[in-house]
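Have the model open while you read.

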Amino acid sequence: MKFIGVTGGVGAGKSRILEYIREHYPCEIYLADEVAHLVKQPGTACFDALVGLLGEEVLDRDGQIHKGRMADKIFADPELLGQVNGMIHPAVKDFLLERLETAREKGDVGLFFVEAALLIECGYRDLVDEMWYIYADEEVRRDRLKKRGYDQEKIARIMSSQLSDEMFRANCDFVIDNSASLEESFGQIDRKLEAFTWQE
């Protein structure tokens, strides 16, 4: 089984690429943002640690961590943000590695994907068999984000906080250019996956 990390800048189209892979190949796919939500649920060690750090004022009436309240606290305090990331990122990694081991034991899928913008920064380069970079031209990405309701200031702020194209390419084994039509992107994926020896 291949363990593949999928990364890229905001607006590059990572979700759509993964949808196609899910539809056409035997795989398991995990989005790090969704896993981060799971590991913050009541009853988990990460939940207890976060509430201990941030206080019960970050909880909503149902006892869940309120995303907006937590964000208001941590983004106003870089040190606090670092502490929270230091709790969530390892919990996400542990969750994924447990699922990976289970998938390997079951042996019914050939591909295990994890997607996140911060895979490289979080040290996944040493864990995965391959790192894939979903690339799209900056103007294409800006246009996609505008259509999703982002204003120019928010787009610029997010893009400036992410790795450069050069850094993504330097740390990835395979690049999918998702600047043009989806059919072209899907063709790149098919050529890559059909070459894997596990399918022989």
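Which residue in β3 is the bridge partner of Leu-31? Glu-115 is the one. Keep in mind that this is a predicted model.

Let's stay with β3, which covers residues 111–115. Five of its five residues are buried, so you'll find this strand mostly covered. Leu-111, Phe-113 and Glu-115 point one way, Phe-112 and Val-114 point the other way, and all are buried. In a regular strand, side chains alternate between the two faces of the sheet.

| Strand | Partner | Sense | Bridges |
|---|---|---|---|
| β1 (residues 2–7) | β3 | parallel | five |
| β2 (residues 27–31) | β3 | parallel | five |
| β4 (residues 130–135) | β5 | parallel | four |

For a couple of landmarks, look for Ile-4 opposite Phe-113 in β3, and Ile-134 opposite Ile-176 in β5.

Strand β5 (residues 174–177) is another story: Phe-174 and Ile-176 make up a covered face, while Val-175 and Asp-177 sit on an uncovered one.

Asp-177 also turns up in a surface patch of negative charge, where it gathers with Asp-137, Glu-139, Glu-183 and Glu-184. Of these, Glu-183 lies in helix α9, residues 182–194. Is Glu-183 buried or exposed? It counts as exposed, because its relative accessibility is 58% and the cut-off is over 50%.

Notes
Residues are numbered from 1 along each chain as its sequence is written. This is a predicted model: local features need pLDDT of at least 70, side-chain atom pairs count only at pLDDT 80 or more; totals for chains, interfaces and linings use all residues. Side-chain values use heavy atoms; hydrogens and water are left out. Patches are made of residues with over 30% relative accessible area and no salt bridge: like charges are joined within 9 Å, nonpolar side chains (Val, Leu, Ile, Met, Phe, Trp, Tyr) within 5 Å. Accessible areas come from the Shrake-Rupley method with a 1.4 Å probe; for residues, only the protein chains shown count as cover. A salt bridge is a side-chain nitrogen of Lys or Arg within 4 Å of a carboxyl oxygen of Asp or Glu. Lys and Arg count as positive and Asp and Glu as negative; His and the chain ends are not counted. The place of a charge is taken as NZ of Lys, CZ of Arg, CG of Asp or CD of Glu. Helices (H or I, at least four residues) and strands (E, at least two) are DSSP runs, numbered from the N terminus. Buried means under 20% relative accessible area, exposed over 50%, partly exposed in between (1.4 Å probe, protein chains only). Two strands pair if DSSP finds at least two bridges between them.
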